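User: I would like to learn how to read some features of a structural model. Please take them one at a time.

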Amino acid sequence: MKRWIPGTALLVAISVTAACGAGGREEDEPAGSTVGITETSIKIGGHFPLTGVAAPGYSEIPSGHKAYYDYVNAQGGINGRKIEFLVKDDAYNPTNTSQVTNELVLNDEIFAMVGGLGTPTHGAVVDYLNDAKVPDLFVSSGSLQWGDFPKEKPFTFGWQPDYEIEGKIIGDWVKDNMPDAKVGLFLQDDDFGRDGEKGVRRYLEDQIVAVAKYSPGNTDVAPQMAQLQAAGVDLVLGFNVPSYTALSQLVSLRIGFKPKWFYSNVGSDPALVGSLLARFSEGAVTDGASMLDGVMTTEYLPGVDAPDDPWTRLWQKVWDEHGADGELTNYRVYGMSQAYTFVQALQAAGENPTRESIVAAIEKSGASFEGPGLAPFRYTKDSHLGISGLSVLEIQKGVGKALTPVLVTDLGDAPIEEDDSAARDAPPENGLPNVKPAQ
Amino acid sequence: MQQLLTTVLTGLTLGMVYAAFALALVLIWRATRIVNFAQAPMAMLTTYVALVLIDAGYSYWLGFAVALLSGLVLGALVERFVVRPVEGKSEINAVILTLGLFIVFHALAALVFGSRFRSFPAPFGLRGFQVGDTTIALTGFGVFTILAVAAVMVGLVLLFRGTDLGLRMRASAFNQEVSRLLGVKVGRMLTLGWALAALVGSLSGLLIAGGGLVHPSYMDGVVVYGFVAAVLGGLDSPVGAVIGGVLLGLSLSIVSGYVGSELVPLAALVILMAVLLLRPGGLFASVRERRV
Amino acid sequence: MSRFLAMPTTRRHLLLALGALVVVVLVLENTSQFRNAQFAAMAYYAIAAGGLTILTGLNGQLSLGHGALMAVGAYTTALLLQEPDSALPLVLVLVLATVVTLVVGALVGVAAARLHGPYLAGATLALAVAIPGIPLYFSETLGGDQGLRVRMPDIPVWLDDAVYFVTGQGLTPTRFLAYLGWLGVIVVFVLLANLARSRVGRTWQAVRDDEVAAELAGIDLGRARVLAFVVSSGCAGLAGGLLALSTRLAAPSGFALTLSLLLLSAVVLGGLGSLTGALVGAALLAFLPQVVTGFGADLGLTDVQAAEIAPLIYGLVTVLVVLLAPAGLAGGLRKLIHWRRGT
């Protein structure tokens, strides 16, 4: 009598579980995913380093996005929809990026990810976003993996000039202007540094005498600077985040290392680096920005050091009306410029955008978007790469002085050409783009 | 040649800071037989206090003094109210307690002060000294570091050997029962021991921060290196802590310069295991480890 | 009820396991994908916490390095899945990850067997900080700072159909991982519970309570300690493999010192030596951060600040538990039950 109790319990358990079940399965065809979109709103999101070693500078980018979207919403939104932008902090830590992306996609159910920041961080989630068919637009990083693999990653698009073409243009300039310099590379030890190195080596293979790499978690760069100094380097090319620009300057001061410096665009904002440096010493570094005098870098957007540029005037107006605390900085300009491109993409996707249609729209008409970028986008069916060029400049007293005109190129052996057609695009009157829906 | 000199000088300066931290750990161990793993976040908190003052416009030295003072107070409070109930009881509980404190202080700092990386000033300049036409990697701040730690050590030696108070503290650490019988207020001595240790810890926190970036996790590595230095010299020996610290700083600097900075924690682990397995009492042990 | 308790240990544990399986299926099928992901996290935390609670609670060895052991499991899993069309079934990959971590755990355990209290804690702390540096050094094979991506293999079609037949819903990767994780929890907990009640478990407790007496009784201290370490390392390795699959990444940043500390505090909260406690601790680790962040946002804190409230709570509760209730939540509950029964 008592023996069959466990057996019955087992049977009951299985039946209960099975009762939730069903018979065969039907296949259903999705017409086009409208997750995150309603008649009156569209929800997008992104992961950014609001804290951590990459936060100085980069943490301001989402505030630029928000200000521009508020500006657009105040004028009625796009096709009657207001844009809601969710920002999550990943502290530049790829494990966190995975978690917050999970939250954004599964819990918050965003329509698209816009501007996800960081090469190591976004690299951790790009495959997931493509598997889940979430549009992954305008990644805030110049790695090639966002744009050069449209077959494997159809939903992902780059935005800024990739590190390889930046490296090419830098390498070409150095070869022409400093052919005898001994070049040392200061690289972040991930795809960011690797892509930059690839571009530079195309032109400077013979001139490179030392390569020093750092990990973003470790703020002691003395060994790297000592290594470059020991190799007798005259010119350091740095592909690093802004904190490491400040750190490399500081350590070099300590060990008496005085090369010429060339920092890639993402690490070189003078105002930010200056403020980081200014605090470091009570006597030695009074004016942090002046430590960057003579430092070279590249640029592809008009910034706050050109206040009369029509785009800068537009951004200033947007910031004054809708910005959060603080001044307009180059990082906020970056954010607003990205937001501008997203709005263009949304317009191109038509009255009733779906996740698939916004991707198709960028491929069809992205290359003709007119915006603040100094060079045009390269979006086509075969390439999801972003802005195609930049100009080289030298920083003097916190302001960039252009050394070259806008130089445009592409990956591999594509030649470098001067092309400033896009640089002359002016913003529309009301500050909103007017892109026709793509056909 | 310059690289070797740079490596040695960096190692020396860093080693002095580890020595200070190790000294703090040794002081607490001698007094209460507890390893205070929370010493690192405590030092981080006091450094943030200094940063707040400096941000508000006050001089570096005021921030410095206030940080040391708050270290004193923090150490006393922690001992009296949190650690006292577990003194003398299960070892595991005490360790878990200090680890819990580690997490609490970490989170508090991030909540109250924010997790951004902030730069921390350093007095006496950050340029290396010029000798002829080479620059040695010793800055004014580096010299200050070495002198400050040395001064603190001399001060402590004088306190323990030369004053009545020091004698009472040593007695309380050595044998609580007998000291009580002799009229020593043991509880107060233990609190004072923790307070002094926290002061030394705060000093090391300030010295590490100077000329670098401060964020809630910046002292986390130091708790490991300080512990290794303390074990290297012998947890019972303050002199050992200092020598252990300097030796460790030099070794790690050499590993960092010639092998790779990623392997520095691994090198520290190897050194620790070597010491624990070969000479468990450390280089200057006075008490033998029991063997079962 | 007393008849249930009087059953032989193994049978009782198996029945509990079966009941747990039913509960798992019911819960996972009826919650959203996001919750499934959280349950998957709870599963791997539970496995790691289970191993750690046995090590520290039963055998008295305090390890601060279990985060590093999870890293070993995670990296092994990532390396085995690097080929896009890897022929290895997922279960085999996880088993291999567990085995590799077992071996590493044996090495560490042998070194650690002679250490006590704070020395052991310090050595395992150094381990926790040292291991994440290794992938940074060997950045070509081990991915460096940005880590190795983990591409989860496709779910076998027969499994997908079988689950649909039973439950009426398809099997998403998230849900599949949650099932895998909880299956792991059930298997591991049955094994650990049996071990704890067996002669081996009693040996471990003897070593913890009085070394001299244990040695006099003929117990080989070193072997007992190493065995406990090895078992708990295996758990950590399996948990690490599941972590790698869930976060789709094995990177040094995922195994910082805080992971080991949080694991320890979860185990203390639940009660050292109690598997139920390990479940409680794991639940807190998986679910508390989101709850608390929402709460913090309501209080007006930024997202980032609110995220710090969860560790603050863990730390505070750990301190309080040590001071007031060293037996943890599960122990406190047990005392409460006994007290009620007594009166």
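User: Which residue is the bridge partner of A:M113 in β4(A)?

Analyst: In this predicted model, A:M113 is bridged to A:D136 of β4(A). Strand β3 (residues 112-114) of chain A and β4(A) run parallel and are joined by two bridges.

User: In what order do the strands of the open sheet in chain A lie?

Analyst: The order is β2-β1-β3-β4 (chain A), four strands with parallel pairing. β2 (82-89) and β4 (136-137) of chain A each have a single partner strand and stand at the edges, so one side of each lacks a neighbour in the sheet.

User: How are two packed helices described?

Analyst: By the angle between their axes and the distance between the axes. Here, α4(C) and helix α5 (residues 90-112) of chain C pack with their axes 8 Å apart, at an angle of about 140 degrees. Angles over 145 degrees would count as roughly antiparallel, so α4(C) is oblique to α5(C). The crossing of α4(C) and α5(C) is right-handed.

User: Which residues of α4(C) meet α5(C)?

Analyst: On α4(C) they are C:L69, C:V72, C:G73, C:T76, C:T77 and C:L80; their counterparts in α5(C) include C:V93, C:A97, C:V100 and C:V104. The contact of α4(C) with α5(C) comprises nine nonpolar and six polar residues, with no charged residues.

User: How is the size of an interface often given?

Analyst: As the accessible area lost when the parts come together. The interfaces here are described by residues in contact instead. Between chains C and B, 41 residues of chain C and 39 residues of chain B take part. α6(C) provides the largest share of the side of chain C that touches chain B, 11 residues. That side of chain C divides into 30 nonpolar, eight polar and three charged residues.

User: How many residues of chain C are in contact with chain A?

Analyst: 30 residues of chain C are in contact with 32 residues of chain A. Among the elements that each supply at least two residues to this side of chain C are α2 (9-29) and α3 (33-59) of chain C. α2(C) gives the most, with six residues. By class, the side of chain C that touches chain A has 14 nonpolar, 10 polar and six charged residues.

User: Where is confidence lowest and highest in chain C?

Analyst: Where pLDDT is low, the predicted coordinates should not be read in detail. In chain C, helix α18 (residues 328-342) is lowest, at a mean of 65, and helix α4 (residues 66-80) is highest, at 93. Chain C averages a pLDDT of 84, and 92% of its residues score at least 70. The model scores ipTM 0.84 and pTM 0.85.

Note on methods
Residues numbered from 1 in each chain as written. Chains lettered and ligands numbered in written order. Predicted model: local features only at pLDDT ≥ 70, side-chain atom pairs only at ≥ 80, totals over all residues. Contact = placed C-beta atoms within 7 Å. Nonpolar A, V, L, I, M, F, W, Y, C, P; charged D, E, K, R; others polar. pLDDT = per-residue confidence, 0-100. Pairing = 2+ DSSP bridges. Axes fitted to C-alpha atoms, helices over the stretch in contact; angles between N-to-C directions. Parallel < 35°, antiparallel > 145°, perpendicular 65-115°, else oblique. Left-handed = near helix turned anticlockwise from the far one by under 90°.
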